[in-house]
Every structure is written in C-alpha cells, then in structure tokens.
Amino acid sequence: MIEDGGVAWTGPSAAAPPADERFDAAGRAVLPGFVDSHAHLVFAGERAEEFEARMSGRPYAAGGIRTTVERTRAASDDDLRANLRRLIGEMARQGTTTVECKSGYGLTVEHEERSLRIAAELADEVTYLGAHVVPAGSDASSYTRLAATDMLAACAPHARWVDVFCEEGAFDADQAREVLEAGIKAGLAPRLHANQLTRGPGVRLAVELDAASADHCTFLADADVDALASSRTVATLLPGVEFSTRQPYPDARRLLDAGATVAIATDCNPGSCYTSSMAFCVAVAVRDMRMTPAEAVWAATAGGARALRRTDVGNLAPGARADVHVLDAPSHIHLAYRPGVPQTAAVWKAGRRVM
Ligand SMILES: [Zn+2]
C-alpha cells in the first residue's frame, strides 16, 4: 500500500487495508525500482562511429572523451537539459527510479558548475567529477589544484558527492586524494572510479577515505578484495563497460564470496558504454560474471542504494519511497533469462505512476 509517496504496508492482498485505488499485478513480479548509482548524463553529441571502429578492430583517430567535452561546452543549457531529461525518461521506462549523475565533460569552472546545476534539476543524486580527465592544454597537477579549489567551490553547492577517475593516464592516488579530501572539507561525500584498467591504488584509497563506493573494480589484488570486504565501501560493478569495450569482466564471484557488498550500475555515457538499461546489466552480470539472478537484482536495487548511502530506495519495506517496478514476467529471473526483451510493465516513482 502506497501513501504520501511511500510504502505504507505490504502483505497478502486479502489482508490489505482499504485503499482509494487498487492495481492488480496479476501474478507478475513486483520489484523495487532499479537504483542506477553511476551514470554520466550531462553531455552533448554521441560517438557511434568510435564504437563501430572499436568493434571492427579499426583504429580511430578522433578525440574520444575530448570530442564529448567539446560538444558539451558548445551546447546550450537547454540542449544539455533536454538530453538529460531524455535519458532519465528512457531509464524510467526501463524501471530505473533513482539516478546518480556526474559532471565531467565540462572541465572548466564555468562548464562543470553549469553541468551540475542542470544535473541537480533532474537527477536524484549529483556527483562532482571535475577530475574526470585532464583537459587538453593542461597538466595533471595544475588541473588537480583547480579541481580541488576554485572549481570545487563553484560546484559543491549543486552536488552531494565528489568523485575522481583514479587511473593511469588520468589522476594518480595523490591527486585523487587531494580532490577527494578537499571535497570532504567542502561538505561532499567521496566515491571513486577505481581499478578499471589496472590494479592501481584506487580501491584502497576509497576504503581509506570511507568512500560510499569504489566503481569499476575490474582489476583487483587480493588486498583490494580484503579491503572492500572489511569496509562499508560498496564495490560497484559496471559490466556494460566491459561489454561495450570488449574487456574482461570484473570478478563478481570473488568479491561476493569474500563478503564485499556489490552493486551494479550502467555507467551510461556516450563513450565506453551507452546503455541505460539496468536489466541488460543484470543479464550480463548473471551470464558473464557468475552472479545468481537474485544477487544481480539485489545489486541493481538495494546494492545501488547502499552505494549511495540511501535506505529509502532499492527496497519495498514499509517506510521506503514507493518506487515500484512491475515486470511483465512472473519472476525476477526473467530479467536474465530473457535478455534484451522489454519486460517493464509499470513503474511508480515516489508513488506517482511514471510508466
Ligand atoms: Zn564512470
């Protein structure tokens, strides 16, 4: 039973209290809405040709992420807002009711601030990712200083989280720490892109700073797995990225068996993974990462909520926000069993029907 946007009661329908309206799910599965705890949605343009070249094994000379930065800077506020609204709508129609959205395609004080201001209008959770990539014409240490000072000051009022891409070729551990610690001082909570391409220091830095989440976790040493398992930091796996870049998948089984908390998210972005489908990510996690369907669905709902330090989403217990995803299927298993098939029958967000 839904009241004032929240779950007021659950139980067998015969025992339900009286209500103004009833919805008969007719034996179909009812899940909490997906919690997509990692997405990059404030951008302009797309990079289909780069994807085609990658899949064809052809070299591709164009600028990768820098192409998106140029297009994003050149776009109007209204264009960025319309693209963001389109993507969040696309997600809602596939059962996603909580969306985290990062900046990171502006890379100047003005454009990062604008990206976050627009994200805050539409996304549930907003993350300052000024330290996404070092922009052309800058060097890593002076850009790090900017991201930890003036850019942070302009961006912090619009965001809850601070994130850094800690990787060879992006920001090293000292640079990531500088931005994250400055973010924490400015009232933001840390999360981190960690260990996507190499067994780098990101995961251990995330755990040391009590980050809500270490995202990617594709290349882990035993010490990384142990650190995650003995911390509150969620390991957020983004299997759409490995799918779309033909990279090896993270070892979800190893993390789960060690006792780490695992979330799944899309990482929806125009470069390395342009899916907005949590159901697709669940199917890949089951097929290729050896998660059970129940583990994968939990990771895509309650796990995502933990990665955002939220208790009001990702579950349907009384007191939760009424984010309800009715499948056109008798059980959650069908999300992995029938990959690629649209199976969202109805969606409510905070008690309001959105699909
Ligand atoms: Zn990302």
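Which residues have the most contacts inside the largest nonpolar core? They are I264, V282, A285 and A296, and this core has 107 residues. Before going further, a word on what you are looking at: this is a predicted model, in which local features need pLDDT of at least 70 and side-chain atom pairs count only at pLDDT 80 or more, while totals for chains, interfaces and linings use all residues. Residues are numbered from 1 along each chain as its sequence is written.

## The core and its helices

A nonpolar core here is a set of buried Ala, Val, Leu, Ile, Met, Phe, Trp, Tyr and Cys residues joined through C-beta atoms within 7 Å. Buried stands for 20 or more other C-beta atoms within 10 Å of a residue's own, exposed for 12 or fewer, and partly exposed for anything in between, with C-beta atoms placed from the backbone. Helices (H or I, at least four residues) and strands (E, at least two) are DSSP runs, numbered from the N terminus.

How do α12 and helix α13 (residues 293–300) meet, and at what angle do their axes cross? The axes come within 9 Å and cross at roughly 140°. Such axes are lines fitted to C-alpha atoms, for helices over the stretch in contact, and angles run from 0 to 180 degrees between N-to-C directions. The crossing of α12 and α13 is right-handed; a crossing has that hand if the near helix is turned clockwise from the far one by less than a right angle, and is left-handed if anticlockwise. On the α12 side the residues are M278, C281, V282, A285 and V286, and they meet P293, A296, V297, A299 and A300 in α13. By class, this contact has 10 nonpolar, no polar and no charged residues. In that count, Ala, Val, Leu, Ile, Met, Phe, Trp, Tyr, Cys and Pro are nonpolar, Asp, Glu, Lys and Arg are charged, and the others, Gly among them, are polar.

## Two helices with a buried face

In helix α2 (residues 65–74), the buried residues are I65, T68, V69 and T72. Seen down the axis of α2, they fall within an arc of 105°, so they line one face of the helix. The arc is that of the directions from the helix axis to the C-beta atoms. An α-helix has 3.6 residues a turn, so residues three or four places apart point the same way. The buried residues of α2 pack against α4 (109–122).

Helix α5 (residues 140–148) has Y143, T144, A147 and A148 buried. Down the axis of α5 these residues span an arc of 135°, so they too line one face of their helix. Their cover includes β6 (125–131), α6 (150–155) and α7 (173–185). S142 is also in α5, yet S142 counts as exposed because it has 10 C-beta neighbours inside 10 Å.

## Residues in the loops

F43 is found in the loop between β4 (34–36) and α1 (48–56). Not counting residues up to four places away in sequence, F43 touches T68, T72, N83, Y105 and P270. Q343 lies in the loop between α15 (334–337) and β14 (344–349).

| Residue | C-beta atoms within 10 Å | Class |
|---|---|---|
| C217 | 28 | buried |
| F43 | 25 | buried |
| Q343 | 19 | partly exposed |
| A350 | 17 | partly exposed |
| A136 | 10 | exposed |

C217 sits in the loop between β10 (213–216) and α9 (222–229), and its phi is near 50°, a positive value in a residue other than glycine. A350, in the loop between β14 and β15 (352–353), also has a positive phi near 50°.

Conventions
Two residues are in contact if their C-beta atoms, placed from the backbone, lie within 7 Å.
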